[in-house]
Amino acid sequence: MSEKTTEVRSGEELEKIPQLNQAYMNRLFCTTKERISYILYTAYGTVGLGKYDVGGELWSYDMFKLSPKALAKSKGVLTIYDMVNDPLSAAIIDNVRTRWGKFKPFQYLSLLPAIILGIYICMLPVIADKFGMDAGRRLFFYMVYAYANETVGAFFGGGGYIKNVFTPNPNERTSLLVSAKFVGDLLGKFPAQLFGIILDLYMNNIIHINKTNLYVGGKWMVWIISMVPTIMWYITSKERVPQSEKPPQPIKGILAVFKNKPLLIYTLSGFIDDINLGMGGDLYYNDVLRFNTLTTIAGIPGSPVSYYSYALVPKLRKKMSTKGIWFLNRGSTFFRETLFFLVGIIGGRKKGLYLKKIPMTLAFMVGNCVEMLFYASGKVIGEEINYEILDYCEWKNGFRVEATVGLITGYFTKVKNIILNLINANLLEDWAGYKAGTEIVPGDQVGWRLFLTAFGPKLIFDALCFIPMIFYNIDHDTRERMYIDLERSRALRAAMEKMERDAE
């Protein structure tokens, strides 16, 4: 097709194409199978054991018996490796154009490595016990998994971006996301809750079971549950947001990211919010309070509120900006965290309420009820802001750079994590005096400092994260105008692609 013909069609004939008269925001694009698989994948595709899962404090230190400082140093080197391969993988992903879409090939490429790595990590604790591995060898074989998992995620993880482009209709996307989060809440927490109950019975000598077998059995259960909907989604999902005809040059894509004000503001806020200075929250529940299921039991009164919160999402979405909903959700979480910490320090080290199950349960319960009022909004708003930021980049620049955005924002997090992992590991071992595999005496300095480091310092940064979001510039009116413009530009691009295929 000649350039002249293209100009005539884009200027005159495209106005007559019926597709352009279909309002994207009033049309459903997904098939029934795709909707079901999206809901199941989003709800259960990442289901896990929560704080008891691989890489968590309890798995790493209490069960697998890794040294906090040795693990932190190893993760620091892993992060540097990740920062090296990320630019290469981002350039590859953002420059791919195939007949199946930009991200679809990566979905299938990631499936077999993910299955192999899943089996490996499920069996690693049993293998380590069987061969009597010391802490050094355990760390080595765990880091083999970590490096392989990081490599697969970097080069094949582009398949995950299909969740950004499977429908050009933001209303359909939000509706499916809310449904998926609701379905996930029905049963998604059950494996971790059940595991916590069994672990509490073991910790209090009510049942006798091999701890390694308990962790391995739990991991096998959630891994199988997560893989089934993942495979379903990989088979049924499609890309429907057309990409730019030519991929942007890498430098141009990076510059577009730094010109994206909402992205930079949200990234800064998230960077501050994720400065988890101090660690040991899971260790506190397990070793000091000996009550791993505190959050589960204390969360029972808030459960009905959390389900009601789903009914509030459409109303809040209609009347408020994404930023406003974010403030409501994050503010309620900050209230719960602050209340729990302040109640715990009452009485000091030897007679503090942090040692008492009932007061700490009640403190968490009250804060949780307030938090649950905006629970559904929080489940949705994080992903919605990510979608919104990517759409904003397309609106302003005419192209999408999902992988480059992930690269830039990930760099902030990776640099921060290298530093924090080392600081927190030293706080845990040197200041709090925690040693893997040793028992904490109630009222002892170790338990007191473990509580302080777990819940105190983080509050400072949780408060500071509100400041950048004040300047987030996508308000309700801007969002509506953005999607109206995108609706037309996407329709024009899709129509042009169709005419070019017909002309071949």
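Colleague: Which helices each supply at least two residues of the nonpolar patch?
Modeller: Keep in mind that this is a predicted model. The patch covers about 540 Å² of surface and is made by Phe-182, Leu-186, Leu-187, Phe-190, Leu-194 and Tyr-307. Two helices each give at least two of its residues: H8 (170–187) and H9 (190–203).

Colleague: How do H5 and H6 run relative to each other, roughly parallel or roughly antiparallel?
Modeller: Look at the axes of H5 (residues 104–130) and H6 (residues 135–156): they come within 10 Å and cross at roughly 170°. Angles over 145 degrees count as roughly antiparallel. So H5 and H6 are roughly antiparallel.

Colleague: How many nonpolar residues are in the contact of H5 with H6?
Modeller: H5 brings residues including Phe-106, Leu-109 and Leu-117, while H6 brings, among them, Phe-141, Val-144 and Phe-156. Two residues of this contact are polar and two are charged. The nonpolar count is 16.

Colleague: What about H12 and H19: how many charged residues are in their contact?
Modeller: The axes of H12 (residues 261–273) and H19 (residues 375–397) come within 8 Å and cross at roughly 150°, which means they're roughly antiparallel. Pro-262, Leu-263 and Tyr-266 of H12 touch Gly-382, Ile-385, Asn-386, Ile-389 and Tyr-392 of H19. Six of these residues are nonpolar and two are polar, and as for charged ones, there are none.

Colleague: H19 meets H15 as well. What do we call the way H15 lies to H19?
Modeller: The axes of H15 (residues 303–319) and H19 come within 7 Å and cross at roughly 40°. Under 35 degrees would count as roughly parallel, so the word for H15 and H19 is oblique.

Colleague: Then how many charged residues are in the contact of H15 with H19?
Modeller: On the H15 side you'll find residues including Tyr-310 and Arg-317, and on the H19 side Lys-379, Glu-384 and Glu-388 are among them. Five residues of the contact are nonpolar and three are polar, and the charged ones number four.

Conventions. Residues numbered from 1 in each chain as written. Predicted model: local features only at pLDDT ≥ 70, side-chain atom pairs only at ≥ 80, totals over all residues. Heavy atoms only, no water. Axes fitted to C-alpha atoms, helices over the stretch in contact; angles between N-to-C directions. Helix = DSSP H or I, 4+ residues; strand = E, 2+ residues; numbered from the N terminus. Parallel < 35°, antiparallel > 145°, perpendicular 65-115°, else oblique. Contact = heavy atoms within 4.5 Å. Nonpolar A, V, L, I, M, F, W, Y, C, P; charged D, E, K, R; others polar. Patch = residues over 30% accessible without salt bridge, like charges linked within 9 Å, V, L, I, M, F, W, Y side chains within 5 Å. Areas by Shrake-Rupley, 256 points an atom, 1.4 Å probe, with all protein chains shown as cover. Salt bridge = Lys/Arg side-chain N within 4 Å of Asp/Glu carboxyl O.
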